[in-house]
Every structure is written in structure tokens, then in C-alpha cells.
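Morning, everyone. I have one chain to walk through today, and I will keep it brisk. Have a look at the sequence and the model first.

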Amino acid sequence: VAIATALFMLGCLSWPPLAIHVHDGRAEVDVRSLGEYGTAISRIRLTCHGNSEVIWDVANPDSPQIPGFALQVGENSVLPGRLRDFGFRVSTPATAESFRLATGVEYVIEVWAEGQRKVASQVFRFEDSGAVPSPPP
């Protein structure tokens with residue numbers, strides 16, 4: 001019982017899962033549970049770390065199970081990868097088809113689990129030679 005309780009508490013503290021693998025001008029955002037299962041995500045938001053300006057914000061109240069998505073230096077679709085297939089809707093940018101990410105800028109990615117009750121966040125930045133994760137804020 002003690003082991004099961006400890007594992008449950010550990011899972012609650014690290015939910016939803018969020019890892020960013022950065023390389024070659026791409027940031028692979030991984031939200032898989034146990035390294036292989038999609039996680040029920042209801043919202044994703046990207047902001048500038050320095051001024052908290054919202055660059056990109058998508059949501060789906062049905063919280064589909066997704067494995068992740070990728071962002072890159074330069075132009076990015078407002079619904080990258082399969083997020084459109086999963087039924088996400090864009091709130092920011094409200095009228096554009098894409099948003100732009102630059103090198104040397106720190107960004108914060110936030111993901112909400114089902115019902116927007118739990119959120120995980122991570123800071124990252126793109127460098128000229130690719131992207132590198134930044135230490136947590």
C-alpha cells in the first residue's frame with residue numbers, strides 16, 4: 001500500500017508529463033505518459049519568457065490523448081502536426097495561419113491535463129546551432 005501511495009503521489013506531482021527535446025532548430029514537445037502513451041491534454045500555450053506575451057494558444061475541452069508535437073525556428077503552423085486532427089482550436093494568434101519563433105529568445109511552453117486543473121511548463125530557447133533547453137524558471 002505504501003509503494004502504491006508513493007507512486008500515485010509521484011504521478012500527481014509530475015502530471016501532465018512534459019519533456020522538450022531540442023536539436024537542429026526544432027523543439028520536439030513530448031507529452032507521452034510512461035514514454036509511449038498519449039496524454040489527455042486540454043490546452044497548450046507558448047509565451048515569451050521575458051514579458052509573458054502569448055504567442056500561441058490552442059485548446060480542446062475534450063482533452064484528446066496526444067503524444068506530442070514539434071515547433072521550429074521560423075514559421076510554425078497554428079496547428080502543427082496532428083493537433084488539427086485531434087480537434088484543437090486556436091485562440092492565439094486569432095487571425096493568422098502561422099506564428100514565428102526566433103533564435104536567442106526564451107520561450108515557455110505550458111500544457112494542461114484534462115479539465116485544465118493541472119499544468120506543466122518548461123522554458124527553452126533556440127540557438128543558432130539548434131535549440132537548447134533552459135533551466136526551469
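Let me start with F126, which is buried, at a relative accessible area of 0%. Buried here is under 20% relative accessible area, exposed is over 50%, and partly exposed is in between, with a 1.4 Å probe and protein chains only.

Some ground rules. This is a predicted model: local features need pLDDT of at least 70, side-chain atom pairs count only at pLDDT 80 or more, and totals for chains, interfaces and linings use all residues. Residues are numbered from 1 along each chain as its sequence is written, and side-chain values use heavy atoms, with hydrogens and water left out.

Now the overall layout. Helices (H or I, at least four residues) and strands (E, at least two) are DSSP runs, numbered from the N terminus. The order from the N terminus is α-β-β-β-β-β-β-β-β-β-β-β-β. There are 137 residues in the chain, and 42% of them are buried.

Next, contacts, meaning heavy atoms within 4.5 Å. Take those between residues at least 6 apart in sequence: 57% join residues at least 24 apart. The accessible surface is about 7700 Å², and carbon and sulfur atoms hold 53% of that. Those areas come from the Shrake-Rupley method with a 1.4 Å probe; for residues, only the protein chains shown count as cover.

On to the core. A nonpolar core is a set of buried Ala, Val, Leu, Ile, Met, Phe, Trp, Tyr and Cys residues joined through side-chain atoms within 4.5 Å. Which residues touch the most other members of the largest one? They are I44, L46, W56, L71, I109 and F124, out of 28 residues in that core. Several elements give two or more residues to this core, including β1 (19-23), β3 (39-48), β10 (106-113) and β11 (119-127). The biggest giver is β3, with four residues.

I44 shows what that looks like. Set aside residues up to four places away in sequence, and I44 still touches W56, D57, V58, I66, F69, L83, F88, I109, E110, V111 and W112.

Now the rings. A pair of aromatic rings is described by the distance of the centres and the angle of the planes. For Phe, Tyr and Trp (its six-membered ring), centres must lie within 6.5 Å; planes under 30 degrees apart are stacked, over 60 edge-to-face, and the rest tilted. How many aromatic pairs does the structure hold? Five.

One of them joins W56 and F69: the centres are 5.6 Å apart and the planes are at 65°, so this pair is edge-to-face. W56 sits in strand β4 and F69 in strand β6, 13 residues apart. Both W56 and F69 are buried.

Y107 and F126 also make an edge-to-face pair, with 6.4 Å centre to centre and 65° between the planes. Y107 is in strand β10 and F126 in strand β11, so this pair ties together parts 19 residues apart in sequence. Y107 counts as buried too, at 3% relative accessibility.

There is a cluster as well: W56, F69 and F99 form one aromatic cluster.

The charged end of R43 lies over the ring of W112, 4.5 Å from its centre. The test is NZ of Lys or CZ of Arg within 6 Å of the ring centre and within 35 degrees of the ring normal.

T39 is in strand β3. T39 is buried, at 1% relative accessible area. Its side chain reaches the backbone oxygen of V31 at 2.4 Å.

V58 lies in strand β4, and at 0% relative accessibility V58 counts as buried. Leaving aside neighbours within four places, V58 is in contact with S42, R43, I44, V78, L79, F88, R89 and V90. V58 and S91 are 33 residues apart in sequence, yet 5.8 Å apart in space, C-alpha to C-alpha.

N60 is in the loop between β4 and β5 (65-66). Is N60 buried or exposed? Buried, at 5% relative accessibility. Beyond residues up to four places away in sequence, N60 touches I41, S42, F86, G87 and F88.

Last, G81, in the loop between β7 (74-77) and β8 (89-92). G81 is exposed, with a relative accessible area of 68%. Its C-alpha is 7.1 Å from that of A70, eleven residues away along the chain.

Definitions and conventions. Polar contact = N/O pair within 3.5 Å; in protein donor to acceptor, adjacent residues only side chain to side chain.
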